[in-house]
Amino acid sequence: MFKKVFILSAALALGMLSCKKSPEEAETTSSGYQGQGKSPIVPTVDKPIQKQWRGVWAFNDSTTFFSNQFDGARLNGVAYDGDDHYTIWVTAENTPINVSPWYGFKVWSTEARDIKVELKYQDSRSRYYPKISTDGRTFKPLDSIYFKPINPGEGEFGLGAAPESAELTISVTENPTWITAQELYTSSVVQEWVDSLSQKPFIENYPIGLSKEKRTMKVMEINENKEAKKALMIISRQHPPEVTGFIVMKSFIETITGDSDLAKAFRQEHVVFNVPLMNPDGADNGHWRHNMGGIDLNRDWQNFNQPETRNVRDFLVEKDKDYDFVFGADFHSTWDDIYYPIDTTATGEKGKIIFDWIENISERLPQKQTNVRASDDIENTMVSSKYFYVHHGMPAIVFELGDNTSRAFLKEKGKVAAEEIMKLLLEK
Ligand SMILES: [Zn+2]
């Protein structure tokens, strides 16, 4: 009995420890990221989550309205403070959780007016700089004159550097204005992109299973030469708010499917499998990080308690019979651009291609230095890249992009990353 209690509390303590050492929360100093430590196994059996109440909040004699009735929204409470000033609460789906306080709401008013909105977060500071849209599709950063940080942070990296909260000035009209933490890439927006690429004769997409909330998970297969036997596995959005990782992945895939001679030659020898949205429920429900099982999917590649990771595991096991997997990448976002490869002390000669690739990308993009933090710990495969390597022998990487990295640079980086991996794989 006592032993059981001890094991449970030890597991809980380990879970919390490993949470602090996740890539997105790597400890920082003034010199930047210090990387990951050893990762004890985190329990990934279901935990309860609270779904947000969805509806419309009406204020000021029903002249001003807030709504979270759209995919990707997150708005947990609104209070009117008087004088066209509102307080908005943003809470997580459950806790403990990595602090990625996603928010998203619509606001409109029967009379055009300027309102002030203060964002308040559950156990977090203001990580995401607000994006604004008038159609829910095209977003841009809110003009800085309308953004007032409250109690600014210190230093350059991490949550401590973010303001405690933020006050936004929004010019509302009778047409809704969308305010979101990052651009909206919900399951339907991602599927539109997949469907548009699938117009090409050598691309198809098909279901690989259901998410916890029964959304269909799809893989996109880029397969021009049916004789090709080498394969790549590319995934993103295990963590819903990590949109900048998705933007780079999107550009990476578009480059591989493009019309360049390099891409054409590459596709003669390689097939690419892409799961662009690993956590569709989390994306549509405006989650900070977890799936509908209340779990960080990128801790579930050891025990596979969640359907999303199981779907991809089963898919890979099946494809591994026909293909030799030569490269894997999982795209994420954090405070700055950073690579998490597996150290060659663990992977040997086979894993060297990842380091050559990083070097080649860095040479072509000298304007932005990217941190590299290799891990030699493959004792467990909780995170995708380690599962990819240990179980399918593919050199793999967690590719992290900064939340605020310029979108033009993200696109360029995805393109360069694709060109350089195609060159290296063709040389082999
Ligand atoms: Zn992540």
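In β17, which residue is the bridge partner of Met220? In β17 that partner is Asn274, and View 1 is the place to look for the pair.

A few ground rules before the views. This is a predicted model, with residues numbered from 1 along each chain as its sequence is written; local features need pLDDT of at least 70, side-chain atom pairs count only at pLDDT 80 or more, and totals for chains, interfaces and linings use all residues. Side-chain values use heavy atoms, leaving out hydrogens and water.

**View 1. Strand β17 (residues 270-275) and its two partners.** Helices (H or I, at least four residues) and strands (E, at least two) are DSSP runs, numbered from the N terminus. Because 6 of the 6 residues of β17 are buried, the strand is largely enclosed by the rest of the structure. Buried here means under 20% relative accessible area, with exposed being over 50% and partly exposed in between (1.4 Å probe, protein chains only). In a regular strand, side chains alternate between the two faces of the sheet. In β17, His270, Val272 and Asn274 point one way, Val271, Phe273 and Val275 go the other way, and all are buried. Strand β15 (residues 216-222) pairs with β17 in the antiparallel sense over 3 bridges; two strands count as paired if DSSP finds at least two bridges between them. With β16, β17 runs parallel, joined by 6 bridges, and Met233 has Phe273 of β17 as its bridge partner.

**View 2. Helix α3 (residues 243-256) against helix α10 (residues 407-427).** Two packed helices are described by the angle between their axes and the distance between the axes. For this pair, the axes come within 7 Å and cross at roughly 45 degrees. That makes α3 oblique to α10, given that angles under 35 degrees count as roughly parallel, over 145 as roughly antiparallel, 65 to 115 as roughly perpendicular and the rest as oblique. Axes are lines fitted to C-alpha atoms, for helices over the stretch in contact, and angles run from 0 to 180 degrees between N-to-C directions. Contact means heavy atoms within 4.5 Å; residues making it include Ile247, Val248 and Phe252 of α3 and Leu410, Ala417 and Ile421 of α10.

**View 3. Helix α9 (residues 384-392) under cover.** This helix is mostly covered, with 7 of its 9 residues buried. Those buried are Ser384, Ser385, Lys386, Tyr387, Phe388, Tyr389 and His392. What covers them includes β16 (230-236), α6 (307-319), β18 (324-334), α7 (344-347) and β21 (396-402). Just after α9 comes Gly393, with a positive phi of about 65 degrees.

**View 4. An open sheet of 5 strands.** The strand order is β5-β6-β8-β12-β11, and the pairing is mixed. At the edges sit β5 (77-82) and β11 (147-150), each pairing on one side only. From one strand to the next, the twist averages 25 degrees. β11 and strand β12 (residues 165-172) run antiparallel, joined by 4 bridges, and Phe147 stands opposite Leu168 in β12.

View 5. Strand β3 (residues 56-59) shows two faces: Trp57 and Phe59 on the covered one, Val56 and Ala58 on the uncovered one. It pairs with strand β4 (residues 64-67) in the antiparallel sense over 4 bridges, and Phe59 stands opposite Thr64 in β4. The hairpin has 4 residues between its strands, and Asn60 in the turn has a positive phi of about 55 degrees.
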